[in-house]
Amino acid sequence: MAEPRIIVVGAGPAGTRAAEAVVKAGIRPIVIDEGRRDGGQIYRRQPDNFSRPYEKLYGTEASRAKALHDSFDALKGQIDYRPETLVWNIAGGQVWTANGHVQETLTYDALILCTGATDRLMPVKGWNLAGTYSLGGSQVALKSQAVSIGHEVVFMGSGPLLYLVASQYAEAGAKVVAVLDTSPAGARIKALPDLMALPSVLWNGIKLTRALKKAGVPVHHQITPVEIIGDAGSGVKGVRFRKASGAERTIGCDAVAVGYHLRPETQLADLARCEFAFDPGTHQWLPRRDADGRATTQGVYLAGDGAKILGARSAEASGKLAALAALCDLGLPVDGGEMTALRRDVATYAKFARGLAKAFPWPAQQAAALPDEAIVCRCETVSAGNLRAVMRETGAIEANRAKAFSRVGMGRCQGRYCGLAAAEIIAAEAKIPVEQVGRLRGQAPVKPLPIAIGEEG
Amino acid sequence: MSTASDVIIVGGGLMGSSAALFLRGHGMSVTLLETDLIGRQASGTNFGNVRRQGRALHQLPLANRAIAIWRKSRELLGADVEYLQSGHIRVCYRERPELVGAMEDYADKARLEGLDLELLTGNALRAKFPFFGADVLAGSYSAMDGHANPRLAAPAFARAAQRMGATIHENTKIVDAQKVGEDFLVTAQDGRTFRAPILLITAGAWGNALSSQFGEPVPIVPRGPNMSVTEPVPYAIHPAVGVMTPIEEETVYFRQVARGNIVLGGSTRGPSYPDEYRSYVLPQNTMSQLKQIRRLAPALSKLNIIRVWSGIEGYMPDSQPVMGPSATTSGLYYAFGFSGAGFQIGPGVGETMAEIIAKGGTDIPMEPYRIGRFAE
């Protein structure tokens with residue numbers, strides 16, 4: 001029998017552990033990754049000629065980062081590694097890749113999608129001004145290039161990344177003007193029983209908030225963002241927000257990092273024609289999968305944050321588990337006990353993730369309250385008012401229909417950054433539950449594809 | 001009890017929606033039934049060419065009628081469907097010099113039908129439109145053609161029809177249509193029934209399922225257009241551009257919308273599945289399209305495409321639609337199977353079908369579209 005063709009997409013924690021399990025079974029997988037180096041987003045490796053130590057780059061996660069990188073380095077001779085390569089489409093049991101202008105078509109028996117996550121964003125008036133970054137983007141600037149997004153930075157939003165990035169900036173010597181958290185402090189107390197599923201991670205989070213306090217960074221809870229102020233010429237000049245007391249306040253700054261936890265990158269699962277289901281806990285549409293990561297499309301497996309936001313530790317477990325499931329389905333021997341243990345681990349991480357979702361809730365109500373002049377879709381410059389006017393004129397209340405008529409989510413990012421918020425705006429305007437709005441269908445190419453692709457010479 | 005009206009239209013694409021609007025203009029009551037949402041398949045996913053040149057000469061009277069409606073679309077519809085009368089260029093390549101003669105011949109005959117075309121050499125074209133590649137030998141320029149936004153057009157016609165008093169039911173899948181006495185009785189999947197003495201089938205790729213119920217099956221084949229769009233760049237390319245060639249793979253076209261994106265189409269068509277309401281762009285078709293676009297307009301090679309899409313179109317073996325009265329059943333009319341070329345003539349089709357239904361005839365030549373031609 002020919003060796004099964006296994007393709008792993010992504011070289012972060014899930015992809016690395018998936019590839020490792022495949023190699024251990026004696027099979028040489030293809031590992032395709034958009035990044036220049038392995039590690040994914042959370043364990044992003046710095047450029048070759050940079051020499052910051054692990055402790056500086058990854059803090060409490062330094063040993064995990066190092067272990068993952070070492071594992072990947074050890075795999076290099078045993079995998080067909082394709083960095084800086086985009087999977088731009090999936091059809092008929094093949095993935096279509098682009099590396100610069102070079103196109104390749106690769107056939108798989110098993111496809112393990114470890115596509116990771118991006119920031120979940122909620123629009124605020126003025127977020128289209130230069131100097132506004134996502135939390136993840138601001139972290140990439142620091143982690144990869146050792147630069148800050150501005151001289152005086154405000155961190156606004158919610159979720160663990162809010163505190164992590166703010167403290168990383170403070171520790172790196174950047175001026176963190178304030179941390180503005182939309183979640184109420186009380187939500188964290190309610191989430192404690194779930195968060196206790198991982199006491200050490202919880203403790204790391206508490207340490208972050210203490211470090212910020214020690215560094216003299218003001219932290220405001222239960223705020224409502226009002227506006228990022230500034231002008232088109234000079235960009236961000238400040239942030240206006242409403243405190244829990246109702247009083248409005250403006251803080252001067254020249255850069256803002258915003259984000260509300262994460263959302264999975266599910267476009268490849270969509271192109272592979274996997275079924276999706278609405279997850280009420282996170283208000284997100286997720287590809288359906290079984291406990292081991294099998295998607296509804298045969299031969300497709302989902303792991304890590306690309307399937308559901310359960311964090312990096314869970315990604316390592318679910319990546320390995322999905323690979324074992326794939327090997328098992330291909331008729332290869334796998335250790336059933338190991339799979340059981342991994343499932344148990346993932347369940348623990350899932351409990352913790354439920355706690356995080358409760359502690360840092362997605363502020364859906366902000367979408368409903370967004371002023372008409374605020375831009376929702378930055379790619380296509382569609383404001384909340386544009387979207388609402390189109391709904392009133394055409395009666396469109398389904399996500400793809402609203403997109404067709406208003407252009408919301410129709411640009412370069414294909415709604416990956418505005419789609420969730422746009423759905424909340426539609427739901428609020430139509431007075432229907434957000435799941436009835438549906439989800440934007442993914443369309444190839446997953447990211448912009450050069451017209452010069454496949455050009456000879 | 002069933003809902004009654006003068007006319008039932010089955011199929012809420014551009015043909016059905018515009019027919020509903022014009023039938024209201026004749027004072028007839030109309031019920032439009034759409035299986036999904038208005039204009040979501042062929043009418044909403046096509047390239048958006050408002051192009052007369054290149055059509056079969058017998059289609060030009062219909063195309064001229066349509067262009068008059070496109071020109072007044074903003075007033076007629078109370079909505080902007082992004083119609084631009086910005087010209088259309090059809091070019092041929094060096095390796096097919098014989099096509100220059102065919103272009104000249106077409107231009108001579110089209111002029112008699114009121115369509116003025118200007119023939120230009122490759123160099124003259126490149127002087128005026130520097131994006132053309134070296135392979136372009138000659139071109140035919142139609143100043144009065146242009147393009148519009150397919151996503152907006154059919155829904156705008158439907159909303160205008162509704163404002164004029166037409167009744168529209170979306171998400172209404174028709175499972176049965178038959179003539180009972182003087183009336184047609186049309187039944188939806190959920191059991192609702194609709195009754196009218198006149199029935200117009202404008203159901204695109206699904207048309208055959210209904211015409212077969214009246215003993216008139218047609219050899220329609222569902223296919224999907226192969227579409228892409230680039231990121232927005234400064235608005236510089238005004239005319240829509242297409243290639244004249246006997247080779248399907250070479251048949252590509254593009255247009256730039258006023259906000260800057262360039263829409264690419266053609267090369268090959270993809271599979272579509274009317275029963276599932278889905279169609280797919282095959283990656284290999286995207287690749288062949290991009291290759292052909294690079295040949296036609298090398299300057300576009302520097303751009304990226306950000307999205308591809310398709311829809312469900314109904315193709316007839318002779319590329320001509322089924323249009324006009326039924327050959328078996330009085331009061332039954334058809335307008336479907338526009339074979340990937342219905343967008344421009346759509347409003348003209350609606351106006352003509354309304355005229356035939358309300359007045360009993362039209363000056364527009366209808367002979368080439370008879371449903372009976374497949375039975376002969």
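The axes themselves are lines fitted to C-alpha atoms, for helices over the stretch in contact, and the angles run from 0 to 180 degrees between N-to-C directions.

Good morning. What you see is a predicted model, in which local features need pLDDT of at least 70 and side-chain atom pairs count only at pLDDT 80 or more, while totals for chains, interfaces and linings use all residues. Residues are numbered from 1 along each chain as its sequence is written, and chains are lettered from A and ligands numbered from 1 in the order in which they are written.

On confidence, the model scores ipTM 0.94 and pTM 0.96. The average pLDDT of chain B is 97, with 100% of the residues at 70 or above; pLDDT is the predictor's confidence in each residue, from 0 to 100.

I turn to the helix pair in chain B. Helices (H or I, at least four residues) and strands (E, at least two) are DSSP runs, numbered from the N terminus. Helix α1 (residues 14-25) of chain B packs against helix α10 (residues 346-359) of chain B at an angle of about 45°, their axes being 7 Å apart. The two helices, α1(B) and α10(B), are therefore oblique to each other. Their crossing is right-handed, that is, the near helix is turned clockwise from the far one by less than a right angle, anticlockwise being left-handed. Among the residues making this contact are B:Leu14, B:Phe22 and B:Gly25 of α1(B), and B:Gly346, B:Glu351 and B:Ile357 of α10(B). Contact requires C-beta atoms, placed from the backbone, to lie within 7 Å.

The crossing of α9(A) and α10(A) is left-handed. By class, their contact has seven nonpolar, two polar and five charged residues. Here Ala, Val, Leu, Ile, Met, Phe, Trp, Tyr, Cys and Pro count as nonpolar, Asp, Glu, Lys and Arg as charged, and the others, Gly among them, as polar.

Next, the sheet of chain A. Five strands form an open parallel sheet in the order β3-β2-β1-β7-β20; strands pair if DSSP finds at least two bridges between them. Strands β3 (80-82) and β20 (300-302) of chain A stand at the edges with a single partner each, so one side of each is left without a neighbour in the sheet. On average, neighbouring strands of this sheet are turned by 15° against each other, direction ignored. Three bridges link β1 (residues 6-9) and β2 (residues 30-32) of chain A, with A:Ile32 as the bridge partner of A:Val9. Helix α1 (residues 13-24) of chain A lies across β1, β2 and β7 (110-113), at about 165° to β1(A).

How do the chains meet? In total, 22 residues of chain A are in contact with 24 residues of chain B. On the side of chain A that touches chain B, the largest share, three residues, comes from α13(A). Strand β23(A) also runs antiparallel to β21 (residues 304-309) of chain B, joined by two bridges, and A:Leu449 has B:Ile305 as its bridge partner.

Finally, two backbone details. A cis peptide bond, with omega about -10°, joins A:Ala444 and A:Pro445, and A:Pro445 sits in the loop between α15 (434-437) and β23 of chain A. B:Asn171, not a glycine, has a positive phi of about 50°. The place of B:Asn171 is the loop between β9 (167-169) and β10 (174-180) of chain B.

Note on methods: Contact = placed C-beta atoms within 7 Å. Parallel < 35°, antiparallel > 145°, perpendicular 65-115°, else oblique.
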